[in-house]
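This report goes through a few local features of one protein model. Please keep the sequence and the structure in view while reading.

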Amino acid sequence: ATFSVVSYPGYVFKISEATPPNTVIPIIITTTDNQMNTWTDVYNVTVVEPSMELQFVSYALSDKITSGFLNDGDGIIEPGEKIYLDFCIKNSGTSQSKANTITCESLSPYITFNTNSRSYGKINPGRYQSYTQYSSSSSTYGWELNSISMNPGSYSACIFTVTSDTPVNTEIPLTVKMKDENNVIWEHDFILLVQ
């Protein structure tokens with residue numbers, strides 16, 4: 001490993017590309033105070049194989065009152081409503097996933113998509129991302145179940161309209177496809193119920 005000193009938070013080191021996966025690199029840190037007392041700590045860093053894995057975590061739904069639709073804002077999907085969805089995605093891999101695209105699909109004859117594909121940008125390893133979070137310039141937006149109700153049109157990953165003749169208790173099957181910059185696709189299926 002090659003070290004360099006930077007301003008806070010401290011040291012940065014670069015691992016050689018030739019380092020085999022699972023190599024353990026011991027990092028020894030010695031601290032000395034103004035009375036010449038020293039403390040030594042050893043931290044082990046394990047080199048891992050770069051990987052990306054996008055994982056569906058959850059969704060948020062809004063039927064906020066919209067002009068021209070039968071929306072009533074009760075959070076329940078009903079015939080004739082325009083539904084706004086956002087999806088929380090996690091990068092469970094060990095490297096950053098770039099240029100992610102999330103697409104929502106359904107074979108149901110009872111819905112029509114207004115918007116079904118959005119860019120989710122970069123997602124760092126171990127981090128979560130939603131379209132609300134990615135598309136908002138405000139740091140106040142985070143992944144919250146009610147976050148899309150603030151402005152569902154702009155901050156929705158998927159928008160669809162339920163036909164007004166949809167029978168009550170109809171199941172709407174949805175597939176969320178998560179694609180990274182290498183065109184690797186992960187899928188998650190779930191069902192929404194029209195009530």
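## A hairpin and its loop

In this predicted model, strands β3 and β4 form a hairpin with five residues between the strands, and Met36 takes a positive phi near 70° there. The two strands, β3 at residues 24-32 and β4 at residues 38-46, pair in the antiparallel sense over nine bridges.

Met36 itself sits in the loop between β3 and β4. Its phi is positive, about 70°, although Met36 is not a glycine. Is Met36 buried or exposed? The relative accessibility of Met36 is 64%, and exposed means over 50%, so Met36 counts as exposed.

Asn183 is not a glycine either, yet it has a positive phi of about 65°. This residue is found in the loop between β12 (171-179) and β13 (185-193). Asn183 has a relative accessibility of 54% and therefore counts as exposed.

## Cysteines without disulfides

How many disulfides does the structure hold? The number is zero. Cys158, for example, is in no disulfide; the nearest cysteine sulfur belongs to Cys104 and is 3.7 Å away.

Cys158 is buried, with a relative accessible area of 0%. Cys88 counts as buried too, at 2% relative accessibility.

## Aromatic rings

The count of aromatic pairs in the model comes to five. One of them joins Phe56 and Phe87, whose ring centres are 5.9 Å apart. The planes of these two rings make an angle of 50°, and the pair is classed as tilted.

Which parts of the chain does this pair tie together? Phe56 lies in strand β5 (residues 54-62) and Phe87 lies in strand β6 (residues 82-91), so the pair links parts that are 31 residues apart in sequence. Phe56 counts as buried at 12% relative accessibility, and Phe87 counts as buried at 1%. Both residues also belong to a cluster, in which ring pairs link Phe56, Tyr59, Phe87 and Phe190.

How values were computed: Residues are numbered from 1 along each chain as its sequence is written. This is a predicted model: local features need pLDDT of at least 70, side-chain atom pairs count only at pLDDT 80 or more; totals for chains, interfaces and linings use all residues. Side-chain values use heavy atoms; hydrogens and water are left out. Two strands pair if DSSP finds at least two bridges between them. Helices (H or I, at least four residues) and strands (E, at least two) are DSSP runs, numbered from the N terminus. Buried means under 20% relative accessible area, exposed over 50%, partly exposed in between (1.4 Å probe, protein chains only). A disulfide is a pair of cysteine sulfur atoms within 2.5 Å. Rings of Phe, Tyr and Trp (its six-membered ring) pair if their centres lie within 6.5 Å; planes under 30 degrees apart count as stacked, over 60 as edge-to-face and the rest as tilted.
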